[in-house]
Amino acid sequence: MTSTTTPMNIVVVGHVDHGKSTLVGRLLHETGALPDGKVETLREVCERRGMPFEWAFVMDALQAERDQGITIDTARIRFRTQARPYVIIDAPGHKEFLKNMITGAASAEAALLVIDAAEGVREQSRRHGYLLHLLGLRQVAVAVNKMDLVNFDQARFEEVKAEIVDYLGSIGLSPTHVIPVAARSGANISTRAAETPWYTGPTVLAALDGFAPALPDTDLPLRFPIQDVYKFDHRRLIAGKIESGRLTVGDTLVFAPSGKSARVASLEHWGAGDVSDRADAGRSVAITLDEQIFVERGQIATHADTPPILSHTIAARLFWLGRNPLTVGARYRLKLATAEHTVEVAAIRRVIDVVDLGHHDGIEVGRNAVAEIELRTRAPVAHDSFVDNPRLGRFVLVEGHDIVGGGVIARAEGEQTGATIGSGIIPVDLHARSLANGHRGGVVWLTGLSGAGKSTIAAEVERRLFLRGWQVTILDGDALRLGLNSDLGFSPKDRAENIRRSGEVAHLLAESGLIVLAAFISPYRADRDRVRTINPEAFHEIHVATALAECERRDPKGLYGKARTGAIPQFTGLSAPYEPPETPDLTLATEGRSIEDCVTELLHYIDNTFALTAKEQAERWGL
Amino acid sequence: MNDLDALESQSIYILREAFNRLDKIALLWSIGKDSNVLLWLVRKAFLGHVPFPVIHVDTHHKIPEMIEFRDRVAREWNLPLLIGQNDAALAEGMGPHRGRVECCSALKTEGLKQVIADHKLTGVIAGIRRDEEGTRAKERVFSPRSETAEWDVKDQPPEFWGQFKTDFPAGTHIRIHPLLAWTELDVWRYIRRESIPVVNLYFSKNGKRYRSLGCAPCTSPIDSTASSVDEIIEELETTRISERSGRAQDRESEDAFERLRTGGYM
């Protein structure tokens, strides 16, 4: 490996208009990186626009960027010093384009933070500093730019320097150098400026040359996330990129989270050249195994003695880029290496103000904000904490079609380690379903006259529970009569059969972990009792108690009117009996009350009845 | 791992990601050095297989040697080659005399859009690089295009930690750019290392060679004596002339190339 050909990636960040693009344009010019004619072309562009020469136009290639004089998207341009080649990533400073700044900064090994000497430390100076740290960057140099606007005043420089060093220090970042600079005239870019005799540190270029290159994570434990499995011919190829560690033919691999293991039979190669039987971090490889075990995308291959963490919960520090705020109870898709999981936001521990580093409790995280959150998943997620292995300790969240946030995983207290991998297959029983769902399942049977309010209350309760992330569904008598029970009429015999079938369905769904809101007139006590006996513990009888006169007054479907004329025979309450429950689990009186009131009362009952116990909660969170 | 190994591995990762995440993809083969490298990387990623079609958009203005090279390599490598073209524009005599940007839009961009529509492609792999040109420097690896193939440069998806936007509403498609992080010099060093075949037009004849290949009327050779891959690498290590300097359509106006690209040009 030659140090002269591997480029170092540097991101240039800072508040809008503090002169990032100008500084980069100047760097390129002074290192001879601009092609012949580029400066002349830009000079012509500026003259046509009737403005002074603008170095930033080297980087701001988009028409809108030149029109507005701001960088919208990250650009990458190269230059080389005697020490090594560089890729310079120019990140936009405008708050609106934070996602582009992240895109640029996440691939950098080191950063240059640019601050306007006259304006001093501003909101995005702090935000960018904070995000660099969050993204895992530890090498940052600061350029205090536009020193020409403050007459190269040392006192002003020291003031700005103290402010930024103080801020970065409080988030755990210590800048390698703070350099007084005038990018437009080239002061302290590659040559020391006569205007700053009081400054004894390096120029910007010398500071960059002082950064240490990032090394591949070969010394960390093996993490080989499976990207795909190919069967183009007789071979079954397991393909992926080694994120950390190394892999050798003959190694025994353990696949998380399945816990299955097999030995590496071969490292496959195409073309002449590489025939090595070992591959290191950073390498895209394809291997074959000595046994045909089930392996799929998303699993992570590791060595047996260094497994990843497996857990249903993840505590993380997150930056949010979504247009909609992140909320407690909301569900997103989590992508970690090649694995995907549906996750629910279990808690927002605190929302962090990156400007003053204060924090507050919150029920949502807005766009471009940073927060500490807790996620939970149905299936265990194989991961590392960010400090132990950054590559398996970070994830993105996806909402709809878009990446809306990124997070780095905290090291949890007493977390369940991978030692339990393969300790047994989780049985899919009622208990396991309850733990996965965060609540028990059961049948909430709403009985009452036609027009009593059963369907209205059920619909609103379903919506509320759904928004919380609970597993809930409605079984509606009218709806079932259109399909499953379409062969049945309204004779006592047919009514009994109607309720028997519906009750069986309700209990089946409840056994799969759902809360079933069953809305049936179900007028006969004996029919309801038969439903109860299927599983008495899971059956909850709710009497939606509304007097006949009130139901007839509401008559939402016009049925009472038709029944009075005799058009509907055997109508409950008029021409057929209704037998109210003798000892219902809850009586919901609806008259003179708002729907909201009734919904709240039923939700309260459901909370008390179906929530997990403290012991179950602890088990669910792996505590 | 040296720098070429790292670039190779990252490009293979991107190709495998595209193959796994997208329904119907194809590789755009311009016959130039970059897309030859890309084809080579596809064969490495899939262990000798090319598991999706390779598309060449024929403008009928290409330099003849390019078409000969295409047909020979397609035969030797047994490539699933598809030829796309804008028949309507060709029939009514579209050419650079109507305006270079107009000609590029009709024969290349429209030709490509038709292939995408005909084969219901959801992803197209192209060999563009960030160091070629300013607007390409702002590209994403997975870069969405609207139903009309337009590129929304002002609202591009975030892309970090090797996670790409791979989910899209129906009707849109995605351009995949596995060579985005490569430079012209990287491409030639890799061609040398792997002995990848390229069209002879890149090598100097009578003091001139092509540095970037396109259509005959709009592409001119540069002054050069580099007649081998080694000599080209030597030349690039010291040159200060930009790669697309021989491509006339880029310089029709200040934002000619940006307009071409937001309209769907590669």
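The domain bounds used below come from an automatic or database domain assignment, and the model to which they belong is a predicted one.

**Exercise 1.** State which domains chain A is divided into, and describe how domain 3 of chain A and domain 4 of chain A are placed and where they touch.

*Solution.* Begin with the assignment, which gives chain A domain 1 (8-209), domain 2 (224-303), domain 3 (309-411) and domain 4 (434-614). Next, take the centres over C-alpha atoms, and you will find that domain 3 of chain A and domain 4 of chain A are separated by 39 Å. Then turn to the contact between these two domains, to which domain 3 of chain A gives four residues and domain 4 of chain A likewise gives four residues. Finally, sort the residues on the side of domain 3 that touches domain 4 of chain A: three are charged, one is polar and none is nonpolar.

**Exercise 2.** Find the domains of chain B and the distance between their centres.

*Solution.* Domain 1 of chain B is written in two parts, 3-183 + 253-262, while domain 2 of chain B covers 202-251. The centres of domain 1 and domain 2 of chain B, taken over C-alpha atoms, lie 22 Å apart.

**Exercise 3.** Describe the side of chain B that touches chain A, naming the element that gives the most residues.

*Solution.* First count the residues, remembering that a contact requires C-beta atoms within 7 Å: 43 residues of chain B meet 49 residues of chain A. Two or more residues on the chain B side come from each of helix H1 (3-21) and helix H2 (33-45) of chain B, and H1(B) gives the most, with eight residues. Sorted by class, this side of chain B holds 17 charged, 15 nonpolar and eleven polar residues.

Technical notes
Residues numbered from 1 in each chain as written. Chains lettered and ligands numbered in written order. Predicted model: local features only at pLDDT ≥ 70, side-chain atom pairs only at ≥ 80, totals over all residues. Nonpolar A, V, L, I, M, F, W, Y, C, P; charged D, E, K, R; others polar. Helix = DSSP H or I, 4+ residues; strand = E, 2+ residues; numbered from the N terminus.
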